[in-house]
Amino acid sequence: MCETMSSSTETSNGDQAVVELIVCDASRSSADAEVTASEEITPLLIQSEKPKINIFSVSYSRRKPREQVIETETLPLTRFLLWMWNGSRYSGLICMALSSTIYFIMELISDIFTVQSIPLFETAFTRCTIIMILSYLWLRRSGQPIFGPTNARNLLISRALTGYLSLFSFVFCIQRLPLSQAVVLNFTTPVMASIMARIVLRENLKISDIGGLACSFFGVLFIFQHMFTTQASNSNVRESHHIYAILVGLISSITGGINFCLIKAGAKASDQPVVTLFSFGVLASPAAAICAFVFEKLVLPSLYSILLMLVLGVLAFLAEVFLARGLQLEKTSKVVNVQYIEVALTQLWGIGSLKIAPLFGRLLGCFLISLSVCYTMFIGPDKEMNDMA
């Protein structure tokens with residue numbers, strides 16, 4: 001193979017012909033071509049040298065598949081709890097709905113498992129003590145200050161005082177009034193809470209909020225209308241004592257409404273709703289013990305009664321945690337309306353189990369409460385609360 005390549009070109013310059021001879025080095029040109037070709041092929045060779053990753057080339061340890069299966073089993077529950085606690089714009093309403101459902105379950109357990117009669121203050125002492133212990137363990141486990149931050153302690157003390165005053169008044173009321181009247185007075189607490197939130201917390205009370213609360217409260221009146229008239233006609237309580245007991249029930253409702261506002265303010269100031277439970281338990285537990293010793297005859301419960309009281313105490317703790325969390329996240333007038341779902345669930349269970357008669361007033365009351373709560377959930381949280389959050 002020749003190493004040189006020659007070519008000639010002939011040009012004319014006037015009358016003279018000029019012949020140019022161009023000599024090219026073939027070996028050099030071929031070497032340059034090979035270098036250029038090698039530079040173009042080199043990236044392809046480098047990419048092809050990288051290891052291919054597929055299901056056959058990756059090595060797995062034997063324990064990873066098992067651990068991965070366990071994580072996929074627990075992960076949906078964890079995600080659901082996180083979503084319910086703070087992952088959704090509906091978290092406040094959902095927490096309050098869950099709190100009311102737990103209270104309904106407590107009534108259901110108390111109705112199914114009949115035990116010996118325990119005085120009310122003794123029952124209150126047991127539940128307050130369980131709430132205090134569980135909230136203490138919760139705060140220690142999460143590393144939160146037991147008595148809350150310094151700027152929130154006045155709110156927590158006021159919450160404990162108003163909470164126990166409301167509880168003491170309700171116990172006094174339920175001992176001296178027919179059950180239906182005491183329950184109706186107790187369910188004026190959400191209405192009082194909305195009014196107090198407008199006065200104390202300066203929350204905006206919209207017409208839709210007022211309409212929802214009015215619809216739910218009229219539902220309660222329709223549900224207890226028959227019991228209200230029957231028990232009132234059969235009651236032998238003197239009129240002066242009756243009015244006095246109703247006034248005490250109203251005091252319980254008003255202090256309960258103020259207590260809801262203080263729970264909301266204390267939970268926001270401390271950024272931990274469980275702190276409000278611990279402050280209440282620290283005061284309410286010894287106070288309930290004193291009231292049980294002074295006003296009632298102590299009853300030694302059986303083992304079966306103790307177990308049932310422990311279960312109800314734990315459920316009461318969970319219900320109070322979700323209640324405080326709902327108040328912390330959501331506007332008061334909206335979230336307290338969801339509380340009425342407890343009455344509707346109780347009545348529907350009684351009608352379904354044939355324990356109470358399906359009267360028109362009860363069905364209408366359940367329909368009004370369900371309509372009001374569904375409307376509140378459909379509207380969703382308030383935009384002002386979302387902006388503040």
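**Figure 1. The largest cavity of the predicted model**. The space inside amounts to about 40 Å³, and the count of cavities of 30 Å³ or more comes to one. Its lining consists of Ser208, Asp209, Gly212, Ser333, Lys334, Asn337, Tyr375, Thr376 and Ile379. Helices α8 (207-223), α13 (332-335) and α15 (360-379) each give two or more residues to this lining. By class, five lining residues are polar, two are nonpolar and two are charged.

**Figure 2. Salt-bridge network of Asp209, Lys331 and Lys334**. Lysine 331 pairs with aspartate 209, with 2.9 Å between the closest N and O atoms. Lysine 331 sits in the loop between α12 (303-329) and α13, and aspartate 209 in helix α8, 122 residues apart. Aspartate 209 also forms a salt bridge with lysine 334, where the closest N and O atoms are 3.7 Å apart. That pair links helix α8 to helix α13 across 125 residues. Lysine 331 counts as buried because its relative accessibility is 2%; aspartate 209, at 5%, is buried, and lysine 334 is buried too.

**Figure 3. Salt bridge between aspartate 111 and lysine 355**. The closest N and O atoms are 2.7 Å apart. Aspartate 111 belongs to helix α3 (residues 91-112) and lysine 355 to the loop between α14 and α15, so the pair ties together parts 244 residues apart in sequence. Aspartate 111 has a relative accessible area of 38% and is therefore partly exposed. The structure holds four salt bridges, this pair among them.

**Figure 4. A nonpolar surface patch**. Ile112, Phe113, Val115, Tyr304 and Trp349 make up about 460 Å² of surface. Tryptophan 349 is located in helix α14 (residues 341-352) and is partly exposed, at 37% relative accessibility.

Notes
Residues numbered from 1 in each chain as written. Predicted model: local features only at pLDDT ≥ 70, side-chain atom pairs only at ≥ 80, totals over all residues. Heavy atoms only, no water. Patch = residues over 30% accessible without salt bridge, like charges linked within 9 Å, V, L, I, M, F, W, Y side chains within 5 Å. Areas by Shrake-Rupley, 256 points an atom, 1.4 Å probe, with all protein chains shown as cover. Salt bridge = Lys/Arg side-chain N within 4 Å of Asp/Glu carboxyl O. Helix = DSSP H or I, 4+ residues; strand = E, 2+ residues; numbered from the N terminus. Buried < 20%, exposed > 50% of the residue type's maximum accessible area, 1.4 Å probe, protein only. 1 Å grid on protein atoms, 1.4 Å probe; cavity = no way out; pocket = protein on both sides within 12 Å on 5 of 7 lines; lining within 4 Å. Points joined across faces, edges and corners; volume = space filled by probe spheres on them. Nonpolar A, V, L, I, M, F, W, Y, C, P; charged D, E, K, R; others polar.
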